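Take a walk through this chain, one region at a time. Keep the sequence and the structure side by side as you read.

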Amino acid sequence: MDEKVRQQLVDDHFLFVSGDRNLIAAGMERDWPEGRGIYHNKDKTFLVWVNEEDQTRIISMQKGGDVKEVFSRLAGGIEAVGKSVKDASGKEFLIDPKYGYVHSCPTNLGTGMRASVHIDLPAGLKKEQASWRSGANS
């Protein structure tokens, strides 16, 4: 990947950034950039991160409110990636019977699934939120 493409992916918040001191301390940046990668579809609504914090992070996202579509894409993508891994290596994703899917980040233990919703607040609400924060800090 050339530098211009890499920087655009970082600027668009699709590609992880190198140099995180916590990842370095944990030994998770030792192979950058050769031991890491990103794969995404044309619309960048489905991404697979390889060796960022976890060995594999599969992401589905899009603007708007169609959560069912996002989840359907995620489920199909997980199935496709799992099949590809099994076809190439003969192995499946590792799951511990007690702890579920084991990750480097303890917040992802178990299913390893995390859902996020980002909401744009109108300008008036943003201003009000700023006053809430300043009041909470006093």
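Strand 2, residues 46-50, pairs with strand 3 in the antiparallel sense. The pairing runs over 5 bridges. Look across it at Val-48: this residue stands opposite Ile-58 in strand 3. The two strands form a hairpin with 5 residues between them. In this hairpin, Asn-51 takes a positive phi near 60 degrees. Strand 3 covers residues 56-60 and is mostly covered, with 4 of its 5 residues buried. This is a predicted model.

Now step back to the whole chain. It holds 4 helices and 3 strands. From the N terminus on, the order is α-α-β-β-β-α-α. Of the 138 residues, 22% are buried. The accessible surface comes to about 10800 Å², and carbon and sulfur atoms own 56% of that. Among contacts with a separation of 6 or more, 28% join residues 24 or more positions apart.

Go next to helix 1, residues 3-11. At its start, a side-chain oxygen of Asp-2 reaches to within 3.2 Å of the backbone nitrogen of Lys-4. After the helix comes His-13, with a positive phi near 65 degrees.

Ile-78, Val-85, Phe-93, Ile-95 and Tyr-101 make a nonpolar patch of about 380 Å². Tyr-101 lies in the loop between helix 3 (67-89) and helix 4 (123-136). Is Tyr-101 buried or partly exposed? Tyr-101 counts as partly exposed because its relative accessibility is 31%, and buried means under 20%.

Conventions:
Residues numbered from 1 in each chain as written. Predicted model: local features only at pLDDT ≥ 70, side-chain atom pairs only at ≥ 80, totals over all residues. Heavy atoms only, no water. Buried < 20%, exposed > 50% of the residue type's maximum accessible area, 1.4 Å probe, protein only. Pairing = 2+ DSSP bridges. Polar contact = N/O pair within 3.5 Å; in protein donor to acceptor, adjacent residues only side chain to side chain. Patch = residues over 30% accessible without salt bridge, like charges linked within 9 Å, V, L, I, M, F, W, Y side chains within 5 Å. Areas by Shrake-Rupley, 256 points an atom, 1.4 Å probe, with all protein chains shown as cover. Salt bridge = Lys/Arg side-chain N within 4 Å of Asp/Glu carboxyl O. Contact = heavy atoms within 4.5 Å.
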